[in-house]
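The following exercises concern a single protein model. Each sets a task and then works through the solution in steps.

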Amino acid sequence: MTRERSRQRLRRRDRNALIAASLTALSLTASGCVVVHGERVVLPAATRAEAAKAVTAFTDAYNKADKAYDSSLDAPYVTGALSDIDSARLRAGHVNSPSGNANHTPLTLTDVKITIPEKAGWPRWFVADARGNKGGNYRWVLVFTRGDLGERWQVSYLTLMAPGTVPAFKTDEDGWAEAVPAGAGGLAVRPDELSKTYADYLENGGKAFADGRDTSGLRADRAKEAKKPGLVRQFIDEPLTHGDYAPLALRTADGGALVFFTTHHYEKQTAYTGATVPVPNKDVRALIKGDVKQSLTLESIANQAVLDPAGSGPVRMLGRVQGLTSAQGA
């Protein structure tokens, strides 16, 4: 090949690359989602149509996995805390009913409201809350996230909130919400400190959280359980903040934030000499490794949604889901 032909080929390659890049940018601009240098530019995390499609895809996968008790069917659609909780539930279901879930009722989500924040960089995420046909009249609140343009949208957080408790969000004239950075100040507790603050609260109490079922009520339940004769209960609560367990926060209309965060929990039950530790139910038994003789250690993951007020004041728990992920007998 002559030097001139080589130069011509290089010029054609450069021109084709420039045309491809230009067409891609034009196509993305026409669709309303510009992703060129998206790691630096503040952009909506998703289009509204894309978000609605992600909700449908998750619901379909969730139903298939629940019907078959097969975690592989929705594994590509879940991550973080929900992945841990959901996969353990399905594993236990499969052990107890290998042929599938005879009591399966498809999950349907109606009155779906989607809130999409504008932000720079990854991960991108949005919140969907909907009326579900399971769990009474609670709202199903789901956080969809992805770490790259080529990744699938996955649900990292799923909590249930009572009707009327999903807060109003701050939005601009186009309806886009505001993402609150994990290290943002101006709130009662910084989002990236909520996991540790809650773990400390469960152990030591305090004024960081408003009284409620999952705060003062949970502490009271633990104290009551500890007094039961014949069995010693020990609790360890740990923060969980890395990777897909990182907190995510949306600015509320009143200047505070709705924050989603994860915690990690252990409960060890030890029987006195001559007694045995009772196993609560068959789903717990399905996840136990080893023989339960004198002790049983339960490991679980919880995801919380809280209203973190501007300035001072206690954080208010809006929703919490805790699920057993493993158990060890000894």
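**Exercise 1.** State what share of the contacts in the protein with a separation of 6 or more comes from residues 24 or more positions apart.

*Solution.* In this predicted model, residues 24 or more positions apart account for 66% of the contacts with a separation of 6 or more. Contact here means heavy atoms within 4.5 Å. The secondary structure comprises 6 helices and 13 strands, and 41% of the 330 residues count as buried.

**Exercise 2.** Determine the strand order of the open sheet of 4 strands, and explain why one side of β2 and of β6 is left without a neighbour.

*Solution.* Step one: the order is β2-β4-β5-β6, and the pairing is antiparallel. Step two: β2 (109-115) and β6 stand at the edges with a single partner strand each, so one side of each has no neighbour in the sheet. Step three: neighbouring strands are turned by 20° against each other on average, direction ignored. Step four: β5 (residues 139-146) pairs with β6 over 7 bridges, and F144 has V155 in β6 as its bridge partner. Finally, α2 lies across β2, β4 (124-132), β5 and β6, at about 110° to β5.

**Exercise 3.** Compare the reach of helix α3 with its expected span, and identify what covers its buried residues.

*Solution.* First, α3 (residues 80-96) has 17 residues and reaches 25 Å from its first C-alpha to its last, close to the expected 24 Å. Next, its buried residues include L82, I85, D86 and L90. Lastly, the elements covering the buried residues of α3 include α2 (48-68), β6 (154-161), β10 (257-271) and β13 (316-329).

How values were computed
Residues numbered from 1 in each chain as written. Predicted model: local features only at pLDDT ≥ 70, side-chain atom pairs only at ≥ 80, totals over all residues. Heavy atoms only, no water. Helix = DSSP H or I, 4+ residues; strand = E, 2+ residues; numbered from the N terminus. Expected span 1.5 Å × (residues − 1). Buried < 20%, exposed > 50% of the residue type's maximum accessible area, 1.4 Å probe, protein only. Pairing = 2+ DSSP bridges. Axes fitted to C-alpha atoms, helices over the stretch in contact; angles between N-to-C directions.
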